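Welcome! Take a look at the sequence and the structure below, and keep both in view as you read.

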Amino acid sequence: MSEPSAAPYGAAAPLVALRGASYAYEDGPTVLSGLDFDVVEGRAVALLGRNGSGKTTLMRLLSGGLRPRTGTLGVEGVPVTYDRKGLTRLRTTVQLVVQDPDDQLFAASVAQDVSFGPLNLGLSDGDVRSRVAEALAALDIAELADRPTHLLSYGQRKRTAIAGAVAMRPRVLILDEPTAGLDPDGQERLLATLGRLRDTGTTVLMATHDVDLALRWADDAALLTPEGVRTGPVAATLARRDLLARAGLGLPWGIAVAELLRAQGLLTGTDEEPRTPDELAALAARAVPGA
Ligand SMILES: Nc1ncnc2c1ncn2[C@@H]1O[C@H](COP(=O)(O)OP(=O)(O)OP(=O)(O)O)[C@@H](O)[C@H]1O
Ligand SMILES: [Mg+2]
């Protein structure tokens, strides 16, 4: 992509963008090289790729925890500066929830932990209180406010960590494998919570290894392959066997079923692939009336 250096993000700049970003850990191999990645406002994106492909690294670059060795991170076309002011500005735009809640939680109680970010923004006590209440309600954990964090269950700790990010009212919420370790009901509740955040205007980027979850939850899929990141509409991208193989992934259940139904003439070209068992049941009822 060649753009003039004076306006590196073009006229309609994405909300957050990495341009030509490379990263290598101390004494480690280069993880990402010359990577372009856009976070487009309002899109829900699933980030997929093999273990060690660089998903966590990419998320840490997008949220400012790591600084690209080459290339730039921009917010609405303005390059991020990695000083205190620049990073504070970035953190009110982008919040990362790391995979292991124990790497994120440190305060004695849930409410104290969730209030840490807003307090650091220098908000008034009243504003901090209302943000904490809003975040706990959004994550459905208001009743845990005074509980010691170290006594919480894993799922409760995960929700508390996400509440801490939500309390910053970020425009972009980045979650590293947020459903890993949750039971099925916990996963559904989390997806519902993320759905509500999306409905109220938060852009969500989630790393996951679950192609079925990606298909039914995301607008777009971003696949990290050795050649770089490939982003596109989720159903079309996760139907690309070549890309899936490069990213170490299998075909999502819904896409496999749709291929079968198309081969049998039970699904027409314009029909959407089923993404859940309920959608498959609805399709079947249409295809075979009275069945
Ligand atoms: N702190 C670190 N120091 C050195 N190397 C690291 C560090 N963190 C990650 N790496 C290496 O960087 C590469 C990318 O790791 P990263 O955690 O970004 O991958 P990932 O896609 O998130 O993998 P996973 O699916 O297992 O979470 C790996 O080869 C990993 O060993
Ligand atoms: Mg990771």
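## Around the ligand

Keep in mind that this is a predicted model. Start by finding ligand 1. The residues surrounding it are Y25, G28, V31, G49, N51, G52, S53, G54, K55, T56 and T57.

What kinds of residues make up this shell? There are 8 polar residues, 2 nonpolar ones and 1 charged one. Helix 1, which covers residues 55-62, contributes the most to the shell, with 3 residues.

## Strands side by side

Now turn to strand 1 (residues 16-24) and strand 2 (residues 30-39): they run antiparallel and are joined by 6 bridges. To see one pairing, look for A17, whose bridge partner in strand 2 is D38. These two strands form a hairpin with 5 residues between them, and there D27 takes a positive phi near 55 degrees.

Strand 1 also pairs with strand 4 (residues 70-75), again in the antiparallel sense, over 5 bridges.

Helix 5 takes in residues 154-166, 13 residues in total. From its first C-alpha to its last, helix 5 reaches 18 Å, close to the 18 Å expected at 1.5 Å a residue.

How many residues of helix 5 are buried? The count is 10 of its 13, so the helix is mostly covered. Among the buried ones are R157, K158, I162 and V166. The buried residues of helix 5 pack against strand 6 (94-97), strand 7 (172-176), helix 3 (110-120), helix 4 (125-138) and helix 6 (184-199).

How values were computed:
Residues are numbered from 1 along each chain as its sequence is written. Chains are lettered from A and ligands numbered from 1 in the order in which they are written. This is a predicted model: local features need pLDDT of at least 70, side-chain atom pairs count only at pLDDT 80 or more; totals for chains, interfaces and linings use all residues. A residue is near a molecule or strand if its C-beta atom, placed from the backbone, lies within 6 Å of it. Helices (H or I, at least four residues) and strands (E, at least two) are DSSP runs, numbered from the N terminus. Ala, Val, Leu, Ile, Met, Phe, Trp, Tyr, Cys and Pro count as nonpolar, Asp, Glu, Lys and Arg as charged, and the others, Gly among them, as polar. Two strands pair if DSSP finds at least two bridges between them. The expected span of a helix is 1.5 Å times one less than its number of residues. A residue is buried if 20 or more other C-beta atoms lie within 10 Å of its own, exposed if 12 or fewer, and partly exposed in between; C-beta atoms are placed from the backbone. Two residues are in contact if their C-beta atoms, placed from the backbone, lie within 7 Å.
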